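Open the model in your viewer and keep the sequence panel beside it. The stops below run from single residues out to the whole chain.

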Amino acid sequence: RSNEYKSYLRTMVDRLVNSEANARRIANVENCFGGEPLAAPNRVLVGEGILQKQCRKQLKPRQFFLFNDILVYGTIIMHRKKYNNRQVLPLDEVQIVNLDDLGPERQNGWQIISPKKSFNVYAANPSEKNEWMTHLQTCIEGRQKKSGKKPGELAPPWIPDDAATHCMICDKIKFTPMVRRHHCRRCGKIVCNGCSTKRLLIPAQSSDPVRVCDPCFAEASSKRVSAAALGDSSADDDSDGEMAGGAGGGVNLAVNNEPATFFS
């Protein structure tokens, strides 16, 4: 059934590519993001919906839009009307990995992994998870087949803040409101300031050197990866780039439970 369904999805994409309905849907997404362009030749909006994204401190609802060549998501300001902090991941650089359920809040999840950014997301129920993963995998395979690209070095998903009370490198420093957690951008571990005194240039993630733990820096340096030392890093911003202004808080339960829509 899986192969038949994937064949059906590919046929659906071919049918929608030049349709007026597809053009209207893409224009609507552009308007919701304040007019930022998304239309491109042969691009099809395959589906959309709200997923819970694992951010540093907690799960937060994000609006996701799956196209046949990119995955777009953003912070919900006004449902179906306004989103911001738009992020775009090219599907020829993306992999997805199933996650086992972990507690009542982290069920029906999978990892979205790419060189630029990696994170965990969670659907409302098993059926919706299956729909998302099937559509994602079909679009990823189709895009990678067309482009011939394979993902390069992948960014690690960040371990949630509440998963570590102590530094995951030295296991000595206990985190408190005064002793901040930091994330290594190379392995995703939660570390203290003393165990993350260096920055490393990871071009897929940033044009500037980013914080890494000392073991990752040492390993990368041994492989002659470009690196730059960091002085006092206590003021370093560990935000995931989507938490500014407090606009990304929860949406009301009714909206958050609205099922995903996949077009046909």
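Predicted model: local features only at pLDDT ≥ 70, side-chain atom pairs only at ≥ 80, totals over all residues.

Residues are numbered from 1 along each chain as its sequence is written, and side-chain values use heavy atoms, with hydrogens and water left out.

**Stop 1**

Select residues 2–16. This is helix α1, and Leu9 sits in it. Is Leu9 buried or exposed? Leu9 is buried, because its relative accessible area is 4%. Buried means under 20% relative accessible area, exposed over 50%, and partly exposed in between, using a 1.4 Å probe and protein chains only.

Now show what Leu9 touches. Beyond its neighbours within four places in sequence, Leu9 is in contact with Thr134, His135 and Thr138. A contact means heavy atoms within 4.5 Å. Draw a C-alpha to C-alpha distance from Leu9 to His135: it reads 7.5 Å, across 126 residues of sequence.

Move to Thr138. Its helix is α3, residues 126–147. Thr138 counts as buried because its relative accessibility is 4%. Set aside sequence neighbours within four places, and the contacts of Thr138 are Lys6, Leu9 and Arg10.

**Stop 2: Gln63**

Select residues 59–67, strand β2, and pick out Gln63. With 2% relative accessibility, Gln63 counts as buried. Which residues does Gln63 touch, not counting those up to four places away in sequence? They are Glu48, Gly49, Ile50, Val72, Tyr73, Gly74, Ile76, His79 and Tyr83.

**Stop 3: helix α4**

Select residues 214–222, helix α4. Its buried residues are Cys216, Phe217 and Ala220. Why do they lie on the same side of α4? They cover an arc of only 100° around the axis. That arc is taken from the directions between the helix axis and the C-beta atoms.

**Stop 4: the whole chain**

Zoom out and colour by secondary structure. The protein chain has 5 helices and 13 strands. Of its 264 residues, 45% are buried. Among contacts with a separation of 6 or more, 56% join residues 24 or more positions apart.

Finish with the surface. The protein chain exposes about 13,400 Å², and carbon and sulfur atoms supply 50% of that. Accessible areas come from the Shrake-Rupley method with a 1.4 Å probe; for residues, only the protein chains shown count as cover.

Note on methods: Helix = DSSP H or I, 4+ residues; strand = E, 2+ residues; numbered from the N terminus.
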